[in-house]
Amino acid sequence: MPRPIRVVVVDDSSLMREMLSAILEAEPGIEVAGTARDPYEARELIKATNPDVITLDVEMPRMDGLSFLEKIMTLRPTPVVMVSSLTREGSDAAVKALELGAVDCVAKPAGSEGHGIEEMAGELVSKIRIAATARLTMRRPAPTAKTLPTPRRAGSGTRFIAIGASTGGVERIRDVLTVMPPDCPPIVITQHMGPSYVPSFAARLDKLTPPSVQLATHGARLMQGVVYIAPGDRHLAVAKDHQGFHCRIEDTPPVSGHRPSVDVLFQSVAAAAGPNAVGVILSGMGRDGASGMLAMREAGAYTIGETEASCVVYGMPRAAREAGAVAVELPLAQIPAEMLRAFDAIGERPRTM
């Protein structure tokens, strides 16, 4: 029998600690290694028990959860699932936690209704099981990001970049966009994320990164210097007409278990742009994006996958590589420069399969 997933629960509410512990202890393959009421207690408990996953509240005495999360990721990287009323969908706290390296977030029930607790319990258990598979590395203070030069044909309007990501993607997308020039090529992104998180995610990226970042809207024209993020509850696709490329927002059923789906985006890019696009698949759980990226590569697009060593979860990039969809695998730090290099080389390099 595999050993159980060992979880440390950190919350200043004794009732919440008891409830979370009861939920987790009732699950096969999960055990609670201990509970703590604040980050100072948690620090000693984590040292003593070396847990696989930590659940962490945001509002706590003596040190808030986001500050403690940053310390964990800097000093002792451990998968963290935030469990807080402040990480309800749409909150800046949730997006900030994901940027700092939290694997995922779960909102505490708004009331005491049983159905709310049951729904939260199922979500929590699922996300803890995913978090236990996460691969984390020591977080170090990032050097000042150096903006990459603008590709010489970024404003041609005849080519663009498409990115797909899931678990671990929030931090990665931020890191990629941080080094993009303000007048970068058009970029379309599907990140698996709840519908109410996405506006905060896009707004934070717009403040933190040189390009303009916005929610994709139906009919929006792909323009130089603009990044388009898929809405959280609908698919993002790309289409082409006599004026160029534009976004399509679709209410069709989930694909590969997701809406928005990376497969939907990449399949549309293959059909609309053929060789005039660059595809990138980053950290994520599952297989979404593999078949779409294969379609892109078969249509002549250049495709990039993130290496296992730099992924939080090497699921989506692995599936794409195993499908033969990836032209090159690179660590995250090398991906921004490579995707701009490949963008500039469209039409000039031989197409190999």
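Two strands are regarded as paired if DSSP finds at least two bridges between them; helices (H or I, at least four residues) and strands (E, at least two) are DSSP runs, numbered from the N terminus. The structure is a predicted model, in which local features need pLDDT of at least 70 and side-chain atom pairs count only at pLDDT 80 or more, while totals for chains, interfaces and linings use all residues. Residues are numbered from 1 along each chain as its sequence is written, and side-chain values use heavy atoms, with hydrogens and water left out.

Strands β10 (residues 235-241) and β11 (residues 244-250) pair in the antiparallel sense over seven bridges. The two strands form a hairpin with two residues between them, and Asp241 has Gly244 of β11 as its bridge partner. Five of the seven residues of β10 are buried (under 20% relative accessible area, with exposed meaning over 50% and partly exposed in between; 1.4 Å probe, protein chains only).

An open sheet is formed by seven strands in the order β8-β9-β7-β6-β12-β13-β14, with parallel pairing. Because β8 (212-215) and β14 (328-330) stand at the edges with a single partner strand each, one side of each is left without a neighbour in the sheet. From one strand to the next, the twist averages 20°. Within this sheet, β6 (residues 160-165) and β7 (residues 187-191) are joined in the parallel sense by five bridges, and Ile163 stands opposite Ile189 in β7.

Helix α6 (residues 169-178) lies across β6, β7, β8, β9 (226-229) and β13 (302-306), running at about 165° to β7. Helix α9 (residues 290-298) also packs on the sheet, where it touches β12 (277-281) and β13, and its direction makes about 155° with that of β12. Axes are lines fitted to C-alpha atoms, for helices over the stretch in contact, and angles run from 0 to 180 degrees between N-to-C directions. Helix α6 is largely enclosed by the rest of the structure, because eight of its 10 residues are buried; among them are Gly169, Arg172, Ile173 and Leu177.

Helix α4 (residues 92-100) is mostly covered, with seven of its nine residues buried, including Ala93, Ala94, Ala97 and Leu100. Its buried residues pack against α3 (65-75), β4 (80-84), β5 (104-107), α6 and α7 (197-208), contact being defined as heavy atoms within 4.5 Å. Gly101, with a positive phi near 120°, follows α4. The axes of α4 and α6 are 7 Å apart and meet at an angle of about 80°, which means that α4 is roughly perpendicular to α6 (65 to 115 degrees; under 35 counts as roughly parallel, over 145 as roughly antiparallel and the rest as oblique). In this contact, Val95, Leu98 and Glu99 of α4 meet Val170, Glu171 and Arg174 of α6. These residues divide into three nonpolar, no polar and three charged, where Ala, Val, Leu, Ile, Met, Phe, Trp, Tyr, Cys and Pro count as nonpolar, Asp, Glu, Lys and Arg as charged, and the others, Gly among them, as polar.

A nonpolar core is a set of buried Ala, Val, Leu, Ile, Met, Phe, Trp, Tyr and Cys residues joined through side-chain atoms within 4.5 Å. The largest such core has 60 residues, and those with the most contacts inside it are Leu69, Met82, Ile187 and Met339. Leaving aside neighbours within four places in sequence, Met339 is in contact with Ile161, Ile163, Val176, Met180, Ile187, Val278, Val280 and Ile304. Another core, of 33 residues, lies apart from the largest one and includes Ala162, Ala290, Ala301 and Met316.
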